[in-house]
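Take a look at the model below.

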Amino acid sequence: MEFRPSIESRVPYETYAALAGVSITRLKELGRSPLHYQNRLANPLEGPALTFGRAAHCAVLEPERFDHEHAVWSERTDGGKLRPRNGKDWDAFEAKHAGKTIITVDERDSVMSLQRAVRGNELAMRYLRQGDPEVTMRWKTGEHLSKGRVDWHTKDGGFDVIVGLKTARDCRHFVFGSAAAKLGYHLQWAYYVDGFTAITNRRAKVVEIVVENAPPYAVAVYIVTTDIIEQGREEYTALLDKLAECEASGDWPGPATAEQFLTLPTWAFSRHDGVEDLGLDLT
């Protein structure tokens, strides 16, 4: 059957995850090494942080679904501590809420605080007041089948806007910008922009809403500039080329393929700048 690019909202995460195609999340693993990429394909990343992030997305972007899809574990000991998630009570609770995502009452309270912070922020609501959540896109990048899951799609002044929602410890621009570079968010933004254009033949701007994951749950809204998109495009394109090489050769090496000389960062040598050797105390 001939492949047709597609874009669809409200696709369940499990359905999206099962779709064929290269996701940018997995592709970024190739930047570490082809071996790590293969490992991520076989072992999808899961854990409390991802569960919390998905719950936050649901609460902010699709609040009407939250109670239907989540169950809250709130059983406490006589001392007031939250009971561990094991034992007979936990097994019974898990069976009763089969099919739902289980979060703790503390996680639920934090998610609700995040929701109130974002939905109470006028800058954020400019983009979230109308639109479609959890938009699944499928397209081709060269010979590769690509897929992406956009948090939110809306229109602003008649123009398409791809909106992302991120939680962070610190939403200030110089801190979040550094984290974005380290985590490769710019590759994701470029990948989604190019995918949207490939499917719709329209250009879109990218807006990222960042909310801190602890009190006071500060919110910042960032417009992602074209130079960031271009940098991300250059990097993800290089990774796709590398992926094609590995697929053609069948070779998936790790990050070290030969003996190397070990180096230390510059700051590690600062203690030997000569001042200490002279016995000088400048405090």
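Predicted model: local features only at pLDDT ≥ 70, side-chain atom pairs only at ≥ 80, totals over all residues.

The table sets out the two packed pairs.

| Helix pair | Residues | Angle | Axis distance |
|---|---|---|---|
| H4 and H7 | 48-61 and 105-119 | about 45° | 9 Å |
| H10 and H11 | 185-200 and 226-249 | about 90° | 7 Å |

Take H4 and H7, which pack at about 45°. Because of that angle, H4 is oblique to H7. H4 passes H7 in a right-handed crossing. On the H4 side, the contact is made by Phe52, Ala55, Ala56, Ala59 and Val60. H7 brings Glu107, Ser110, Val111, Met112, Leu114, Gln115, Val118 and Arg119. Sorted by class, this contact has nine nonpolar, two polar and two charged residues.

Now turn to H10 and H11. They pack at about 90°, so H10 is roughly perpendicular to H11. H10 makes the contact with His186, Leu187, Trp189, Ala190, Tyr191, Val193 and Asp194. From H11 come Ile228, Ile229, Gln231, Gly232, Arg233, Glu235, Tyr236 and Leu239. By class, there are nine nonpolar, three polar and three charged residues in the contact of H10 with H11.

**A cavity inside**

Rolling a probe the size of a water molecule over the atoms shows where empty space is left. How many cavities of 30 Å³ or more does the structure hold? The structure holds one. The largest cavity has a volume of about 30 Å³. Its lining consists of Ile7, Val135, Met137, Val150, His153, Ile162 and Phe196. Strand E4 (132-141) and strand E5 (144-156) each supply at least two residues of this lining. By class, the lining has six nonpolar residues, one polar and no charged.

**Two backbone details**

Most residues other than glycine have a negative phi, and most peptide bonds are trans. Two places in this model deserve a look with that in mind.

One is Glu134. This residue has a positive phi of about 45°, although it is not a glycine. Glu134 sits in strand E4, which also supplies residues to the lining of the largest cavity.

The other place is a pair of prolines. A cis peptide bond joins Pro215 and Pro216, with omega at about 10°. Where is Pro216 found? Pro216 lies in the loop between strand E7 (204-212) and strand E8 (219-224).

Key
Residues numbered from 1 in each chain as written. Heavy atoms only, no water. Axes fitted to C-alpha atoms, helices over the stretch in contact; angles between N-to-C directions. Helix = DSSP H or I, 4+ residues; strand = E, 2+ residues; numbered from the N terminus. Parallel < 35°, antiparallel > 145°, perpendicular 65-115°, else oblique. Left-handed = near helix turned anticlockwise from the far one by under 90°. Contact = heavy atoms within 4.5 Å. Nonpolar A, V, L, I, M, F, W, Y, C, P; charged D, E, K, R; others polar. 1 Å grid on protein atoms, 1.4 Å probe; cavity = no way out; pocket = protein on both sides within 12 Å on 5 of 7 lines; lining within 4 Å. Points joined across faces, edges and corners; volume = space filled by probe spheres on them.
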